[in-house]
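Happy to walk through this one with you.

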Amino acid sequence: GSKRVVVTKELPGTHWQDILTAADCRIEIMPGTEILSKEEIIALIGDQCDGAIGQLTEAWDTDTLGALKAAGGTAYSNYAVGFNNVDVAAANELGLPVGNTPGVLTETTAELAIALTFAASRRIVESDQFMRSGQFHGWLPQLFMGQLFHGKTVGIIGAGRIGAAYARMMVEGHKMNLVYYDLYQNESLEDYVADYGALLEKHGEPAVTCQRVDSIEELLKVSDLVSLHTVLDENTKHLINEERLNLMKKDAILVNSARGPIIDENALVAHCQKNPDFRVGLDVFEEEPAMAPGLADLDNVVIVPHIASATVWTREGMASLAASNVAGLLQGYSLWDGADVLPFLEGDIPQAMPNIVNASEVGIS
Ligand code: GLV
Ligand code: GLV
């Protein structure tokens, strides 16, 4: 290939490489698992580089995007749906388009959030440790009592693709009433819950309800379970702080599979220490990969290492999308809005570029 594309980590699958090769690219992959510093990224880009695929753990800012631009680069894609690690304003100034990988991780991420939800509510990790350490001496009426969700209220903060998928799973699977907070109304989610409520009534069961609320405070007060699905930006940093944690029910469940800094993690640790029946599932951390002091000592918190999108199908799909973003740009395709991305997973070489972040659309969604 005549165009040089650098990839800062090995990606799963092979289809993504076919996409770039078909677009006349030669691919250079940084081996290893170390998180790259800005200096290492700039060294990898070198003097001549047409495009790059980077990771959410890397800073793509004026320096690194500037190095890509200076090396003749005209395309960058994040290997993630989230792009808080990318300075989109700087990219716009440089005239460098930035891609991300939505769609293929929606259900996968929601499923991990569900796994954390039940691990927290039914105390799965604590119980597992109890078994393994030989403490189970027979059934008891009060052993590891947790929380029931059926018929209660689930609150979603950020009802975009992932938040809505999570909401549908909890509403339909567990007949929970839904409240959501988002800057935008999600009509299709509201319709879905209304239709499902009608179906339940037809079968002689109580209907479920859906309510969009104007304030996060209101949502926190009424919810038995709260799951976070917003982007991270200056408006959502520490969205969940000490004051708001105190509004929540003492035995509520809180799940974060979005971005760590959305929660004030020190305040969360203090809250969990004071409220043993409050339970939390976390996939992401404020100072990732570090955890706030005390977090790992808490029995009422379940913690996993940022794996929400980690299924084989999704991670290979994200690779295909990131490659499509770069290949499309390098071939000069124009922006393509609202494309159905899934066919790209089945062996086609895409003819356009599916996902380019638009700085003006960043907000709670
Ligand atoms: C993962 O966190 C992603 O943003 O894709
Ligand atoms: C966010 O990008 C989402 O898919 O909800």
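Q: Which residues of H3 do Lys38, Ile41, Ile42 and Ile45 in H2 meet?
A: This is a predicted model, in which local features need pLDDT of at least 70, side-chain atom pairs count only at pLDDT 80 or more, and totals for chains, interfaces and linings use all residues. Residues are numbered from 1 along each chain as its sequence is written, while chains are lettered from A and ligands numbered from 1 in the order in which they are written. Helices (H or I, at least four residues) and strands (E, at least two) are DSSP runs, numbered from the N terminus, and two residues are in contact if their C-beta atoms, placed from the backbone, lie within 7 Å. On that basis, the H2 residues meet Asp63, Thr64, Ala67 and Leu68 in H3.

Q: How many nonpolar residues does the contact of H2 with H3 have?
A: Ala, Val, Leu, Ile, Met, Phe, Trp, Tyr, Cys and Pro count as nonpolar, Asp, Glu, Lys and Arg as charged, and the others, Gly among them, as polar. The contact of H2 with H3 has 2 charged and 1 polar residues, and the nonpolar ones number 5.

Q: Is H2 roughly parallel or roughly antiparallel to H3?
A: Axes are lines fitted to C-alpha atoms, for helices over the stretch in contact, and angles run from 0 to 180 degrees between N-to-C directions. The axes of H2 (residues 38–45) and H3 (residues 62–70) come within 9 Å and cross at roughly 5 degrees. Angles under 35 degrees count as roughly parallel, over 145 as roughly antiparallel, 65 to 115 as roughly perpendicular and the rest as oblique. The crossing angle therefore makes H2 and H3 roughly parallel.

Q: At what angle do the axes of H1 and H12 cross?
A: H1 covers residues 15–22 and H12 residues 312–330. Their axes come within 8 Å and cross at roughly 10 degrees.

Q: Which residues of H1 make the contact with H12?
A: By class, this contact has 8 nonpolar, 3 polar and 1 charged residues. H12 contributes Glu316, Ala319, Ser320, Ala322, Ala323, Ser324, Val326 and Ala327, and H1 contributes His15, Trp16, Ile19 and Leu20.

Q: What is the strand order in the open sheet of 5 strands?
A: Two strands pair if DSSP finds at least two bridges between them. The edge strands, S2 (25–29) and S5 (98–99), each pair on one side only. With parallel pairing, the order is S2-S1-S3-S4-S5.

Q: Which residue in S4 is the bridge partner of Gly51?
A: S3 (residues 51–54) and S4 run parallel and are joined by 4 bridges. The partner of Gly51 is Ala75.

Q: Are the residues on both faces of S4 buried or exposed?
A: A residue is buried if 20 or more other C-beta atoms lie within 10 Å of its own, exposed if 12 or fewer, and partly exposed in between, with C-beta atoms placed from the backbone. S4 has Ala75 and Ser77 on one side and Tyr76 and Asn78 on the other, all of them buried.

Q: Why is S7 largely enclosed by the rest of the structure?
A: Asn177, Val179 and Tyr181 lie on one side of S7, with Leu178 and Tyr180 on the other. S7 is largely enclosed because 5 of its 5 residues are buried.

Q: Which helix gives the largest share of the shell around ligand 2?
A: A residue is near a molecule if its C-beta atom, placed from the backbone, lies within 6 Å of it. Ligand 2 is surrounded by Val81, Pro102, Thr106, Gly160, Arg161, Ile162, Gly163 and His229. The largest share, 3 residues, comes from H7.
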